[in-house]
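Subject: Structure handover

Hi,

Here is the structure I said I would pass on. Please open it alongside this email.

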Amino acid sequence: MGGKLVVFEGGEGAGKTTQISQVQAWLRDSGWVHRIQTALALPASEEPLCLTREPGGTDLGQRLRALLLDGSLTTAAPMQAQTELLLYAADRSQHVTQVLKPKLQSGYLVLCDRFTDSTVAYQGYGRGLDLNLIDQLNQIATAGLESDLTFWLDLEAEVGLNRVHQRLLANTSVDRMEADTLEFHRRVQSGFTALARQYPQRIVRVEAQASEVEVTQVIQTVLEERLKAWYPQLSPTS
Ligand code: TMP
């Protein structure tokens, strides 16, 4: 029984982190994790659930993440768009090989905060880099791995950035990507919109302006349907 890769995408401040932890809790509480564990004959100590993210899902990736989000670079000698693209691709290559493929091969459910669509939206639509080049790099970095399901938390760029800037009031800093212009983040948003149109089977749009509880409910409903289709023999009703 192969694992499944479920990705969470969205612009800044869309609430991915909160929703991923809600999904994690629900997968446990609803018994899905336990049923998959039993089907894989795993010991009680080995839960077939993996939470990870890009950039930063490996030790090397955490260092790349720090470089990518370091706001102090911007003024003196800004990071070039192509350099940025290659660093995200390097992070992905390491992550796919070291974490995603082994976990999926072991039958795990993998919840990943961002994946290939972020590169298309941010470096393609946001920075204006060539979309074919990005597809090629994504292909190299993933060795063909695609998500089984992607939740796109859709929130207007203004609203998301406002949420991010609220954090300033709580004394948390804004990172290099978050600090970019509203126009940049609007282009990112249009990138996700285009991707959702292009891949309607894989990408599910979730209205992220709704309350946290409502967003969680929508995600759970869609995910439960997919889980039943992926693992018909493990459905609670069968
Ligand atoms: P996060 O804080 O939501 O985890 O994401 C880190 C930042 O990296 C966020 O601003 C989006 C950006 N990003 C890209 O620009 N390209 C990519 O390929 C990925 C994975 C993230």
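This is a predicted model: local features need pLDDT of at least 70, side-chain atom pairs count only at pLDDT 80 or more; totals for chains, interfaces and linings use all residues.

**Cores**

The largest nonpolar core has 28 residues. Leu27, Phe151, Leu223 and Leu227 have the most contacts inside it. Seven elements each supply at least two of its residues: strands E1 (4–10), E3 (109–113), E4 (149–154) and E5 (203–207), and helices H1 (16–29), H2 (32–39) and H9 (212–230). H9 gives the largest share, six residues.

**Helix H5**

H5 covers residues 116–126. Of its 11 residues, 10 are buried, so the helix is largely enclosed by the rest of the structure. The buried set runs from Thr116, Asp117, Ser118 and Thr119 through Val120, Ala121 and Tyr122 to Gln123, Gly124 and Gly126. What do these buried residues pack against? Their partners are strands E1, E4 and E5, plus helices H4 (81–105), H6 (131–142) and H8 (182–198). After H5 comes Gly128, with a positive phi near 80°.

**Pockets**

The largest pocket has a volume of about 730 Å³. Its lining is made of 32 residues. Nearest its centre lie Lys16, Thr17, Arg65, Asp113 and Arg114. By class, the lining has 12 charged, 10 polar and 10 nonpolar residues. H1 supplies the largest share, five residues. At least two residues each come from H1, strand E2 (49–53), helix H3 (59–69), H4, H5 and helix H7 (157–169).

The second largest pocket has a volume of about 440 Å³. It is lined by 20 residues, and those closest to its centre are Thr116, Asp135, Asn138, Tyr199 and Arg202. Here the classes are nine nonpolar, seven polar and four charged. H6 gives the largest share, six residues. H5, H6 and H8 each supply at least two.

**Backbone details**

Check these before you set anything up. A cis peptide bond joins Glu54 and Pro55, with omega about -10°. Pro55 sits in the loop between E2 and H3.

Two residues other than glycine have positive phi values. For Ala41, phi is near 55°. For Arg114, phi is near 75°.

Are they buried or exposed? Ala41 has a relative accessible area of 67%; exposed means over 50%, so Ala41 is exposed. Arg114 is at 12%; buried means under 20%, so Arg114 counts as buried.

Ala41 is in the loop between H2 and E2. Arg114 is in the loop between E3 and H5, and is one of the residues nearest the centre of the largest pocket.

Best wishes

Key:
Residues are numbered from 1 along each chain as its sequence is written. Side-chain values use heavy atoms; hydrogens and water are left out. A nonpolar core is a set of buried Ala, Val, Leu, Ile, Met, Phe, Trp, Tyr and Cys residues joined through side-chain atoms within 4.5 Å. Buried means under 20% relative accessible area, exposed over 50%, partly exposed in between (1.4 Å probe, protein chains only). Helices (H or I, at least four residues) and strands (E, at least two) are DSSP runs, numbered from the N terminus. Contact means heavy atoms within 4.5 Å. On a 1 Å grid over the protein atoms alone, a cavity is a set of points where a 1.4 Å probe fits but cannot get out, and a pocket is an open set with protein on both sides within 12 Å along at least five of seven lines; lining residues have an atom within 4 Å of a point. Grid points are joined across faces, edges and corners, and a volume is the space filled by probe spheres set on the points. Ala, Val, Leu, Ile, Met, Phe, Trp, Tyr, Cys and Pro count as nonpolar, Asp, Glu, Lys and Arg as charged, and the others, Gly among them, as polar.
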